[in-house]
Amino acid sequence: MKELRAIGGAVVFLAAFLLFVVEPMAAKQLLPALGGSSAVWVTCLVFFQAMLLAGYAYAHWMAEQRRPRMHLAALGAALVALAIPPARGIALGAGQGRFGVSWQPSMHPIGTIFAVLTPTIGLPFLALAATTPLVQVWWTRMTGRPVPYRMFALSNAGSLGALLAYPVLIEPRLTLTMQRRLWGWGFVVFVLLCGWLTIQADRAAAAARNAVGQEDAADASKAPVNAAAGPDRPSRLQRWLWFLLPMAATIQLAAVTNHLSQDLASIPLLWILPLATYLLTFIFAFEMPGLYRRWIVVRLLVVFLASLAYALSTLDTRLPLGMSILFYLVELFLACWFCHAEAYRLRPASARQSTAFYLLVAAGGVTGTFFVAIACPIIFRANYDLAISFLVTAVLAAIVTWEQGWQQRLLWVTASGLMLGLIVALNIQFARNSLMRARNFYGSLRVVQTDFDDADVKEAGPGPVRTLMNGRIRHGMQVLNAELRDTPTTYYGTDSGVAVAMRNCCGRQAKKVGVIGLGAGTMAAYGQPGDVFRFYEINPLVEPIARNLFTYLRDSKAAISVEHGDGRALLANESPQDYDVLVVDAFSGDAIPVHLLTREAMQVYRRQLAPDGVIAFHVSNSYLDLAPEVALLAKSAGMEARVVENEPVLSEGEFRSTWVLVSADAAFFAQPGVDAVAHRIDPQPGLRLWTDDYSSLLPMLRLGN
């Protein structure tokens, strides 16, 4: 029995660990081909949730068959799928690569990602996802004991361990090639252990059939009823709550993650904190149910919901960053603990019903993730995800606590009404001073027009300021009075690094300029007669905004064109353009996507650059020091890198910015206008060159800021 318990626990823990290691690995491998937009990561998350549901559905079907040996075929098929590389691949453009399908830049991330990941990790992922519910059923039938729901807590402990280990231990030390190799060997170990367990379960099932007959085997293998669990035949409401409570938890997880990383601070790896909090609540609910006290949790939950709802409804309110993150994580913990603990309280007692329980839990998780990641950008013009998550939580709290009397009913019905009012208040706030609002998979965009008295630009005189917002992050601004209308603002001001490059490069009057990232089109303000500016923009919403609500593109003296798609992918498929200046300014949140800062990306840029041309990397970030990494990239390409930092000039709408200028032309840096402001970059000890096979943000984090 001890051997069975030890191997069963090891199989459950290892399966969960491998699941949460392969998720960032698989998503990261797609970035060089599909681009660094949030759509890639979010759609990968939807795929993983969908495969988890498929795994639970398979486990439910297997439990009904009562022939565990059939699972050996699934394990063997997963090994074969892992061992045989796909016949076709994904690469930059329509070429051949390693991931499983051909891809064109015009394809949408959803269809591409599902088509890529399904044939490569689909079967192994399904086998891993089915493990916990299957092992629980087999354990119950082999031992005659109640369903060991503690194994679900063990599974989440494995997931949490992988989540913390990947960015801290695995990613900084191992290339993707080595990660895939070690993961494959880990999967082989899993298959061997799970195969042994499957054989033991099949022998026990065969013995039961021989002892009592085929028709009586089901009754003989039933677990005794656990008095703490729900009845063997759950009610319709119970089944709905098995689905709705996990759905509310994943809506909270996705909404809080988006809010923290997009609206509060684009701190790299910040997404780990809410996901770790979410997994921790599973462990508390299933491993330590005695800690849960509903009357305490619901009172704390309503306080945090009300407080954060008020802060959310006042867009001008700013709490200290650390306090804001802590408050949202506490609210997420309380909401998810409530949902998971109440789902655990309603769990079934029998092995037959336990797989249905897990199936509905997974279905709720898929639905919640799908709603936030895919449905909300289609349905809404602005980001109401967090307010909706508060509303769903309050409504479910009202349903679950309804039996406790009129006080709880009044409390949560009132809270639900207030959360609905929050959505209305947010709509009013978003509409205030907004010229347009739009949302898609690449983000929530809003153009706001204010007077100088209400903007950061206060000394420039009368007139309006028009700002392009992505969440709460500025992606472009224009001062519309006659004096400053054509003045480049924000990070592109006349003292910025890109301005230094435009003034001093190439020694030619007419320039050819490539820009990855359009924004409001501010770079076009540098255009002169005879110049050619070519922008590369992945978000199809941005160009109409830049052309119709800002005047930089219309007023530019240069010839302007805009290409749609990921900048690196488009440049890789173009013939050499001989750019005098190539500006890399595509931001995912508040930092350049990693796939634009690798050795392979640098090779693409060098191919498109004139011999004496300059690459200008915009690396302004409060939490990352990217300049040393860009210096390594420049050195790998036989080029020199210098950093230019400027102070803000509020009277002209110019922000503090950091640019790294890279060129193979030593004469460029020797010019007085460059040498005086462009400084050498001190190397960072232990820093490794980023490639498509290796990158890690951890060495560049500077959270003290």
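Eight strands make an open sheet in the order 7-6-5-8-9-11-10-12, and their pairing is mixed. At its edges stand strand 7 (559-564) and strand 12 (679-680), each pairing on one side only. This is a predicted model.

Look at strand 5 (residues 512-516) and its partners. Five bridges tie strand 5 to strand 6 (residues 532-537), and the two pair in the parallel sense. Within this pair, Gly514 has Arg534 of strand 6 as its bridge partner. Strand 5 also pairs with strand 8, again in the parallel sense, over four bridges. Here Ile516 has Val584 of strand 8 as its bridge partner. Is strand 5 mostly covered or mostly uncovered? Strand 5 is mostly covered, with four of its five residues buried.

## Helices on that sheet

Another open sheet is built from four strands, in the order 1-2-3-4, with antiparallel pairing. Which strands stand at its edges? They are strand 1 (434-440) and strand 4 (473-479). Each has a single partner strand, so one side of each is left without a neighbour in the sheet. On average, neighbouring strands of this sheet are turned by 15° against each other, direction ignored.

Now follow the pairs across the sheet. Strand 1 is joined to strand 2 (residues 443-451) by six bridges. In this pair, Ser434 stands opposite Val448 of strand 2. Strand 2 is joined to strand 3 by seven bridges, and the two run antiparallel. Val448 stands opposite Thr467 in strand 3. Six bridges then join strand 3 to strand 4, which also run antiparallel. There, Arg466 has Gln478 of strand 4 as its bridge partner.

How much of strand 3 (residues 464-470) is buried? Six of its seven residues are, so the strand is mostly covered. Helix 15 (residues 406-431) lies across strand 1 and strand 2. Helix 15 runs at about 120° to strand 1.

## Nonpolar cores

The largest nonpolar core has 131 residues. Leu117, Phe190, Phe286, Phe338, Phe390 and Trp412 are those with the most contacts inside it. Which helix gives the most to this core? Helix 1 (residues 2-34) does, with 15 residues.

## Phe190 and Thr131

Leaving out residues up to four places away in sequence, Phe190 touches Val11, Leu14, Ala15, Leu18, Leu75, Ala127, Leu128 and Thr131.

Take Thr131 next. Thr131 sits in helix 5 (residues 131-143). Is Thr131 buried or exposed? Its relative accessibility is 1%, so Thr131 counts as buried; the cut-off for buried is under 20%. With residues up to four places away in sequence left out, Thr131 touches Val11, Val12, Ala15 and Phe190.

Helix 3 (residues 70-83) has 14 residues. At 1.5 Å a residue, the helix should span 20 Å. Its end C-alpha atoms are 21 Å apart, which agrees.

Key:
Residues are numbered from 1 along each chain as its sequence is written. This is a predicted model: local features need pLDDT of at least 70, side-chain atom pairs count only at pLDDT 80 or more; totals for chains, interfaces and linings use all residues. Side-chain values use heavy atoms; hydrogens and water are left out. The expected span of a helix is 1.5 Å times one less than its number of residues. Two strands pair if DSSP finds at least two bridges between them. Axes are lines fitted to C-alpha atoms, for helices over the stretch in contact, and angles run from 0 to 180 degrees between N-to-C directions. Contact means heavy atoms within 4.5 Å. A nonpolar core is a set of buried Ala, Val, Leu, Ile, Met, Phe, Trp, Tyr and Cys residues joined through side-chain atoms within 4.5 Å. Buried means under 20% relative accessible area, exposed over 50%, partly exposed in between (1.4 Å probe, protein chains only).
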